[in-house]
Amino acid sequence: MKTHWLSRLLRTAGLLAFVSTLGVEVLSAQTTMPPIGTPLSEPPEARTPLVLRAVNDPTSGRGAFSFEGREVPPVIRVSPGQKLRITYLNRMQVSSGEVCVDGPCRNMTNLHFHGLHVSPESPQDDVLSMMAMPGESLHYTVDIPLDQPSGLYWYHTHPHGESYQQDLDGMSGAIVVEGIERYVPRLRGLKEQILILRDAELHQGDEATKRLEASVDIPRTICGEAPGAPGRIFTVNGTVRPRIAIAPGEKQFWRIVNASPDLYADLMIDSEDMTLVALDGMPLGYHNPDHPTESVRHVLLAPAGRLEAIVTGPAFGAKASLRSLCVNTGPDGDPNPAMVIADLDPAGRQDTSTRSKQSVADSQKTIYRPLSSHAIQELEKHDAAFVVNFTEDKKGFYINDKKYTPSDDPMVTVKTGNYVRWRVVNRTHEIHPFHIHQVHFLVYGKNGSLIRDPKWMDTVNLDPGQSLDLLMDFTDPIIRGISVFHCHLLKHEDKGMMAKIRFE
Ligand SMILES: [Cu+2]
């Protein structure tokens, strides 16, 4: 987990190599991180078509997305039924200064559109055959279906063996599929805040780390069973602990993506419950038209998870923060302490220009896909059609005793057109988030018992020893071809906790 000394050495070496090849791609150096308490910055927005570059930051050597000349990944806004066109240029260095699981990173890259119900074949959400080496380019044309649930999705790179480092470096961004106001009309006119959680690395023993830990109020006592000191804290849109302007009593629509490769966020606002509107991009109302919102105290967001909720500004003088509670990652896990993520600022100045965004999707028909409890009961009568076992040992991470390699055949073949029951079992001593590309699933059973309030997700956490029963939505005939499911702790994915699935 900790940055290896070799990594730092190679990073420096890579930087020198890059300096000697300057002129290939002109870059502006990434500015240093803004101080604590800086107002939340809003990422730039992009609409299709767009050009995204993968580059190495000239100062740190880290991988980064460059958009319109700045190293700030855009929020991509699309409407259901649109084609998302992205030209993705790999302008990273040939020799990397960073270390991936099998040695120096090769700086190969591609894009995954996490949560979108689109084809896994080129030129769409294909992370297997689409791969750009430095100097190469990829051209994505992704058909967003008309019935894509309106909500928050995200894009990130997905080259097997290098996903972790690129994601940790911040090669990710949010995607908004517009039209969620159709499910919850009172969202219209609310100020929207998009919060992208990424990581700042801690290096134990140095003064800067002590200051960073103190600045986000990490308790001195160890939480959970994982040994050692924490290796990360969260940033929001690139800042440690920003202030978010929200007037007393004001309602805002917060859309939060956990883009960290391995930190969990158990999110809570200390002054109030949040009104949950969507999880993992799926509006609650999409399957449950009678209950489009739900009051929640805290929500666990595994790496890759998203939460969309209405938040109310605290009274003047009241202190309120968005914080993550301690997550017990298990005895073999990594420390995931409680920390403050952002402060709510009732006196903050607001930019009112971003309120009430109108989109084509507002006038589209609202699609509902309720699944009756009778239908669910019928599906529950059958045994699981497929069982995913997560295991690990000192040599690697496995699904059903198999360590992934790119030349693998699919581990499982499914016929599209049906809901199918799967079971996922965690046979390790640490937590793992299960994710499958292109598909949402209903998490309806835990350790053999029914969950009272099942939720549709695309990434779900499993505690050590736990089994979850999932109703996989394989009904969409668009999803044909070979795709993957994996642990979304990306270091585990890089080390083999992934498998292929063939959709027929
Ligand atoms: Cu894992």
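Asn 400 sits in the loop between strand S25 (396-399) and strand S26 (412-414). Strands here are DSSP runs of E, at least two residues long, numbered from the N terminus. Phi of Asn 400 is near 50 degrees, a positive value in a residue other than glycine. Asn 400 is partly exposed, with a relative accessible area of 24%. Buried means under 20% relative accessible area, exposed over 50%, and partly exposed in between, with a 1.4 Å probe and protein chains only. Asp 401 is in the loop between S25 and S26. Asp 401 is not a glycine either, and its phi is positive at about 65 degrees. Its relative accessible area is 66%, so Asp 401 counts as exposed.

This is a predicted model: local features need pLDDT of at least 70, side-chain atom pairs count only at pLDDT 80 or more, and totals for chains, interfaces and linings use all residues. Residues are numbered from 1 along each chain as its sequence is written, and side-chain values use heavy atoms, with hydrogens and water left out.

Turn to Lys 500, in strand S34 (residues 498-503). Lys 500 is buried yet has no salt bridge. A salt bridge needs a side-chain nitrogen of Lys or Arg within 4 Å of a carboxyl oxygen of Asp or Glu. The nearest side chain of opposite charge, Asp 408, is 6.3 Å away. Lys and Arg count as positive, Asp and Glu as negative; His and the chain ends are not counted. What does the side chain of Lys 500 reach at 2.7 Å? The backbone oxygen of Pro 406. The backbone oxygen of Asp 408 lies 2.6 Å from a polar atom of the Lys 500 side chain.

Next comes the copper ion. His 432 (ND1), Cys 487 (SG) and His 492 (ND1) coordinate the copper ion at 1.9 to 2.2 Å. Donors are N, O and S atoms within 2.8 Å of the metal (3.2 Å for Na, K and Ca); water is not among the atoms, so sites may look incomplete. Along the chain the donors follow the spacing H-x54-C-x4-H. Cys 487 is buried at 0% relative accessible area, and His 492 is buried at 7%.

His 440 lies in the loop between strand S28 (432-436) and strand S29 (441-446). Its relative accessible area is 2%, so His 440 is buried.

Two cis peptide bonds close the tour. One joins Thr 48 and Pro 49, with omega about -5 degrees. Another joins Ser 122 and Pro 123, with omega about 5 degrees.

Definitions and conventions
Helix = DSSP H or I, 4+ residues; strand = E, 2+ residues; numbered from the N terminus. Polar contact = N/O pair within 3.5 Å; in protein donor to acceptor, adjacent residues only side chain to side chain.
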